[in-house]
Amino acid sequence: MSFATATENQLGEGTSKLRANCSGIVALSARLESWMTEALSNTPTEIVQSIEQFGSPLNVIATAPLVRNLRQLESVAAERDLPFKVFFARKSNKCLAFVDAAHQAGGGVDVASEQECRQALDRGVPGPDIICTAAIKTKALVELCVANQVTIAIDNRDELQRVREIAAASKATAEIAIRISGFVHDGEKLHSRFGFDVDEVQDLASSTLRSIDRKEVRVIGLHFHLDGYCSKQRVSAIRQCLPLVDHFRSVGLDVRFVDIGGGLPMSYLESEQQWNRFWREHRDALQSKRTELTYRNHGLGFLPVDGEVHGKRNTYPYWQNPVRAQWLQHVLDDSACAEQKADLEPNVPTIADALRDRSLQLRCEPGRSLLDGCGMTLARVEFVKQHHSGDHFVGVAMNRTQCRTGSDDYLVDPVVIRGQENDDQTQIEGYLVGAYCTESELISLRKLRFPNGIAAGDVIAIPNTAGYFMHFLESRSHQFPLAKNVLAENNSPLTWRLDEIDSEHAEK
Ligand SMILES: *Cc1c(COP(=O)(O)O)cnc(C)c1O
């Protein structure tokens, strides 16, 4: 047996041991990175001590998976000889270690606020390697971008005017990309509140953009960011951008890149079967055909009406296929024209061909999928009590905004580390409840099973939370301090150190 196999087997055993203490009533087993398994396999005392030191909850992050994920995307482009650059969408996690890692790996950064932009510049990311896609661009933000040659994705005419004025006043050149939306896909217009409608962009180029003083503003790219994760929609959008690139160039605008935004999919779960089974059984539960899987039979977007289930899933698709690199491959290998199929007709140019033939650079701005495998959230169990319904409530020292996005729930089984001193072995079932004083304050809506019990002093670990779940909605209600963020550079023994977002930019 080779050394590598032995290590993998040990990790596999470690993983199933870790999973043994907790699962959903219908299991949704997390994909665990080896660094997570390694960190969680330390003695419970060490883990508990780290939480004592930094507070509960504790966000633990690692940057190596980000670099791996980025390289996977790059190799897809390289195989097609396509100039390519990944911009890490910073709003998905505030830790500065990710900015450094993306920059050191040759990537850029997509920023959504003045603070995000300033911090990226302070870390040494050159302005041209930053794109600002902030939904609201204040004067201060635009001034910062113009002064540092940060590319600005322009959303509307007022914004364009503001950029022109600031560039003129500061005698600098603003580099901009035009954000486009309203692409037609499958005969329907894709809705967005962002950007210029695809039908007005040609006019914008021929009139306003053409007449702008090139010393003030230089148009260097086209940009879009679509909702959802559908690769075919990206194909439609790129196809509709290609004639626009040609038009921009014909009126003298030097478009060098097409930026397809983020929304590259990822999977949190090991098994498609578990994912499908969860939803099948959840629908049954909503129709009272089985006991509930969620708190008070919460629908997660579905609603039982007269014996039928209506609505649609209001959570991230935690299991998906294809993801990341393979998904990008599907986009790039599709036909560049809607009428021809690249896989059936060998001489039809693909999207990759069409971009390369125009000497365009392809850019993308993944947030979540770049952070796949980059973090987990640890929290200490403070109490366990039994409700009159028979279910147990497990009180943890965290609140729900510390593991939430806009959707209903995080559908991934937590891992439970049993505190050393407790040897309670009785199976219980119930819910994780948090620190905000409302009836709806659950860390997860899913009913969980603890085959070996759970007790105060144990630790729950929520895997793979780096993308959005840690910071996107975190709040300081009740005056709780924000969670600390530590880098898991050394996991055995555990020597974690604070990310500099906490040491440099901590609220005073
Ligand atoms: C949020 C956002 C992204 C990142 O999206 P992910 O789904 O995290 O990949 C990229 N670009 C823009 C403009 C965004 O608003």
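## Salt bridge between Glu 79 and Arg 80

The side chains of Glu 79 and Arg 80 form a salt bridge, 3.3 Å from N to O. A salt bridge here is a side-chain nitrogen of Lys or Arg within 4 Å of a carboxyl oxygen of Asp or Glu. Glu 79 is exposed, at 59% relative accessible area. Arg 80 counts as buried, at 14%. Buried means under 20% relative accessible area, exposed over 50%, and partly exposed in between, with a 1.4 Å probe and protein chains only.

This is a predicted model: local features need pLDDT of at least 70, side-chain atom pairs count only at pLDDT 80 or more, and totals for chains, interfaces and linings use all residues. Residues are numbered from 1 along each chain as its sequence is written, and side-chain values use heavy atoms, with hydrogens and water left out.

## Other salt bridges

The count comes to 34 salt bridges. One of them joins Arg 31 to Asp 372, with the closest N and O atoms 3.2 Å apart. Arg 31 sits in the loop between β1 (23-24) and α2 (34-40), and Asp 372 in the loop between β15 (361-364) and β16 (375-386), so the pair ties together parts 341 residues apart in sequence. Helices (H or I, at least four residues) and strands (E, at least two) are DSSP runs, numbered from the N terminus. Arg 31 is partly exposed, with a relative accessible area of 25%. Asp 372 is buried, at 2%. Both residues belong to a network of salt bridges that links Arg 31, Glu 33, Arg 68, Arg 324 and Asp 372.

Lys 85 and Asp 129 also meet through their side chains in a salt bridge, 3.6 Å from N to O. Lys 85 lies in strand β3 (residues 84-89) and Asp 129 in the loop between α6 (114-122) and β5 (130-132), so this pair ties together parts 44 residues apart in sequence. Lys 85 counts as buried, at 15% relative accessibility.

## The ligand site

Which residues are closest to the ligand? They are Lys 91, Gly 263, Glu 365, Arg 368 and Tyr 468, out of 13 residues that surround the ligand. A residue is near a molecule if one of its heavy atoms lies within 4 Å of it. The shell divides into 3 nonpolar, 5 polar and 5 charged residues. Ala, Val, Leu, Ile, Met, Phe, Trp, Tyr, Cys and Pro count as nonpolar, Asp, Glu, Lys and Arg as charged, and the others, Gly among them, as polar.

Polar contacts are pairs of N or O atoms within 3.5 Å. A polar side-chain atom of Tyr 468 lies 2.5 Å from a ligand oxygen. A polar backbone atom of Gly 263 is 2.8 Å from an oxygen atom of the ligand. For Lys 91, an N or O atom in the side chain is 2.9 Å from a ligand oxygen. The protein covers 89% of the 390 Å² of accessible area that the ligand has on its own. Accessible areas come from the Shrake-Rupley method with a 1.4 Å probe.

The buried residues of α6 are Glu 116, Cys 117, Gln 119, Ala 120 and Leu 121. Gly 124 follows α6 and has a positive phi, near 95 degrees.

In helix α7 (residues 139-148), the buried residues are Leu 141, Val 142, Leu 144, Cys 145 and Val 146. These buried residues pack against α6, β5, β6 (151-154), α8 (157-170) and β7 (174-181). Contact means heavy atoms within 4.5 Å. Gln 149 follows α7, with a positive phi near 60 degrees.

Ser 29 lies in the loop between β1 and α2. Is Ser 29 buried or exposed? Ser 29 counts as buried, at 13% relative accessibility. Leaving out residues up to four places away in sequence, Ser 29 touches Arg 19, Tyr 268, Leu 269, Glu 270, Gln 274 and Asp 413.

Asp 391 is in the loop between β16 and β17 (392-396). Asp 391 is buried, with a relative accessible area of 12%. Beyond its neighbours within four places in sequence, Asp 391 is in contact with Glu 292, Lys 385, Gln 386, Glu 429, Tyr 431 and Lys 447. Ser 475 lies in the loop between β21 (459-463) and β22 (484-491). Ser 475 is partly exposed, at 24%. Not counting residues up to four places away in sequence, Ser 475 touches Asn 399, Thr 401, Tyr 436 and Leu 482.

Note on methods. Polar contact = N/O pair within 3.5 Å; in protein donor to acceptor, adjacent residues only side chain to side chain.
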